[in-house]
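These notes are meant for a colleague who is opening this entry without having seen it before. Please keep the model in view while reading the numbered points below.

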Amino acid sequence: MSFWNDPLKVAADWLEGVFTGWGMNADAAHVLVAFLGVFLLIAILMVIDIFLVWVERKVVARFQDRLGPNRVGPFGLIQPFADIIKLIIKEDTTPGNADKVVYNLAPILSMMSVLILWAVVPLAPVMLGTDLNVGALFLIAAGAIGTLSIIMAGWASNNKFALIGGFRQVAVMVSFEIPMLTVLMIPVIFAESMNMNAIIAAQSTWYFLISPLGALIFLVAAIAELGRAPFDLAEGESELVSGFNIEYSGMKFGMFYAGELLHAFTFGGFWAILFFGGYRFLGLEQVSPFLAILILIIKAMLGYWVIMWVKYTMMRIRIDQMLAFNWKFLTPLAFALLLVTALMNALLASAPAWLYTLGMILANIVTGWIAIEIARSATRSEREHIEGGKKPAEAHH
Amino acid sequence: MTAQQIIFILIALFTLGSAVMVVTTRNLVHAALWLVSTLFGVAAVYALLNANFIAVVQVVIYIGAIAILFIFAVMLTRKDMRDAGPQINKNWWAGVLVSLLVFGGLVYMLREWSGFTKTASELPPGFDSIGLLGEALVSPNAYVLPFEVASVLLLAALVGAVYVAFNPRAGNSDK
């Protein structure tokens with residue numbers, strides 16, 4: 001086993017050998033090496049996060065027909081470092097009567113809830129934090145901590161706008177967790193495992209091709225979970241000034257901001273893992289683990305780009321529209337899709353691969369089509385109902 | 001002591017300390033947040049026992065749903081979240097008695113148990129704990145009946161909540 005085939009294990013074994021060579025207990029060396037591994041992963045993620053700031057600003061500029069940062073360094077690449085220096089030297093304010101401990105804990109928890117997700121991300125077949133057999137559920141569990149951090153920030157700021165923002169975000173997250181959890185079960189049905197690595201290993205054909213509707217619902221729920229437009233009610237600038245993070249300044253605000261960017265990138269990664277084959281691409285992942293990491297990062301970036309595309313194209317929707325959309329459309333659709341998928345999976349269990357794929361795609365299209373038809377007739381009757389009540393004379397025009 | 005035992009003791013101290021803080025802090029939101037950290041400690045204990053599914057479900061349900069709703073309700077109900085009244089009532093001696101009895105009973109039962117110094121044996125490779133759990137929950141020979149009864153109970157609670165919240169008159173006045 002050489003370094004190029006399994007770099008993590010070789011490096012860990014070597015380090016453990018060094019530590020035990022210094023007279024350290026084997027158990028303690030093991031824990032220390034695991035700790036160093038976590039430290040390294042987080043350090044790399046934070047460095048990626050710095051460049052995500054640049055990516056986000058550059059992409060939003062393109063969507064808005066601007067150039068974006070282009071003064072500091074080539075293509076404005078040094079701009080995020082200038083931003084960080086600015087954030088660090090900014091005055092760190094705490095509002096009067098704020099709950100200091102909770103106030104300071106919230107940005108840390110927000111960042112942590114994102115970083116903890118990477119514990120289950122398989123970067124390559126042999127490179128992963130932990131081979132957890134409930135990886136899919138872990139995603140939801142980490143989201144719960146994110147929700148907690150936002151409600152803590154909203155409450156501890158001692159600011160009514162922040163509190164309303166926090167409440168809204170919790171309403172969004174608690175609602176959209178349900179379709180997300182339901183749709184997460186679709187790759188689990190196909191792969192017969194909740195383990196992220198097993199889900200990737202089972203994806204000879206991308207699950208996006210078998211369950212396009214599932215991938216779409218996951219993306220919508222992920223965007224809601226991220227609190228990005230069109231679901232960014234928690235920081236609706238036009239109503240709440242800045243929402244839950246209104247009182248935060250300097251690096252504490254930076255933590256929320258960087259956490260959100262990394263969260264979006266992470267969900268791009270999970271979208272890739274669950275529906276686009278993760279690190280697999282034409283067998284290239286077998287060549288080298290480093291190539292596999294590169295493939296995963298490119299796919300995650302593409303997912304992140306789609307999330308940014310939605311964010312900078314869509315307008316913010318109202319909270320009642322959002323809740324109605326989730327509870328009356330997305331949740332029933334996710335349940336129906338899960339039932340149909342499970343049924344088709346059982347019916348087509350012994351069918352050849354092409355028939356299986358075709359049947360699944362047809363089932364998805366039919367489910368989506370029925371859902372849209374029901375939604376359309378419901379909206380039509382709702383519209384007639386409203387227009388008929390308000391201005392009966394104009395209803396015929 | 002192995003590394004695992006040290007980690008267990010740290011988690012146990014963290015959980016117990018948080019649990020004490022839940023009942024001693026005077027700020028209701030702080031109490032709810034300490035409850036979250038207690039539940040998190042319990043999840044960590046499950047994880048140490050190789051019960052990954054239970055650990056993650058503990059976080060999803062108890063922290064993601066129940067604790068968040070607690071915090072929500074606490075924030076919505078009161079203006080001043082500091083409780084000024086006495087923290088114990090006149091039945092404190094009964095509580096102390098019951099807890100001492102339970103603790104004494106546990107100590108009595110565990111006094112000859114030899115498992116304190118043992119470490120958990122490694123699970124055999126390929127041991128599908130979550131698959132076995134899933135099969136046990138729907139197998140007629142195992143827990144299908146309790147599982148279904150619990151499902152019906154939760155459904156009834158759900159329907160009841162909708163019924164309580166739904167006001168037919170408000171629905172009609174919409175027209």
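1. A compact globule of 397 residues would have a radius of gyration near 21 Å, and chain A, with 23 Å, agrees with that; the radius is taken over C-alpha atoms, and the globule rule is 2.2 Å times the number of residues to the power 0.38. Along its principal axes, the C-alpha trace of chain A spans about 90 × 65 × 40 Å. The secondary structure of chain A comes to 14 helices and two strands, where helices (H or I, at least four residues) and strands (E, at least two) are DSSP runs numbered from the N terminus.

2. Before going further, please note that this is a predicted model, in which local features need pLDDT of at least 70 and side-chain atom pairs count only at pLDDT 80 or more, while totals for chains, interfaces and linings use all residues. Residues are numbered from 1 along each chain as its sequence is written, and chains are lettered from A and ligands numbered from 1 in the order in which they are written.

3. Chain B comes to seven helices and zero strands, and from the N terminus on its elements run α-α-α-α-α-α-α. Its radius of gyration is 22 Å, well over the 16 Å that the globule rule gives for 175 residues, so chain B is more spread out than a compact globule. The C-alpha trace of chain B spans about 70 × 50 × 30 Å along its principal axes. An automatic or database domain assignment supplies the domain bounds, dividing chain B into domain 1 (1-81) and domain 2 (131-175), whose C-alpha centres lie 26 Å apart.

4. The contact between the chains takes 21 residues from chain A and 19 residues from chain B, two residues being in contact if their C-beta atoms, placed from the backbone, lie within 7 Å. On the side of chain A that touches chain B, α2 (26-63), α5 and α6 (160-191) each supply at least two residues, and the largest share, nine residues, comes from α5(A). By class, that side has 16 nonpolar, three polar and two charged residues, with Ala, Val, Leu, Ile, Met, Phe, Trp, Tyr, Cys and Pro counted as nonpolar, Asp, Glu, Lys and Arg as charged, and the others, Gly among them, as polar.

5. How do α5(A) and α3(B) lie against each other, and at roughly what crossing angle? The axes of α5 (residues 135-156) of chain A and α3 (residues 52-77) of chain B come within 8 Å and cross at roughly 20 degrees, the axes being lines fitted to C-alpha atoms, for helices over the stretch in contact, with angles running from 0 to 180 degrees between N-to-C directions. That makes α5(A) roughly parallel to α3(B); angles under 35 degrees count as roughly parallel, over 145 as roughly antiparallel, 65 to 115 as roughly perpendicular and the rest as oblique. Residues of α5(A) including Phe138(A), Leu148(A) and Trp155(A) take part in the contact, as do residues of α3(B) including Val60(B), Gly64(B) and Met75(B). This contact has 16 nonpolar, two polar and no charged residues.

6. Within chain A, the axes of α5(A) and α6(A) come within 9 Å and cross at roughly 175 degrees, which makes α5(A) roughly antiparallel to α6(A). The residues of their contact divide into 16 nonpolar, six polar and one charged.
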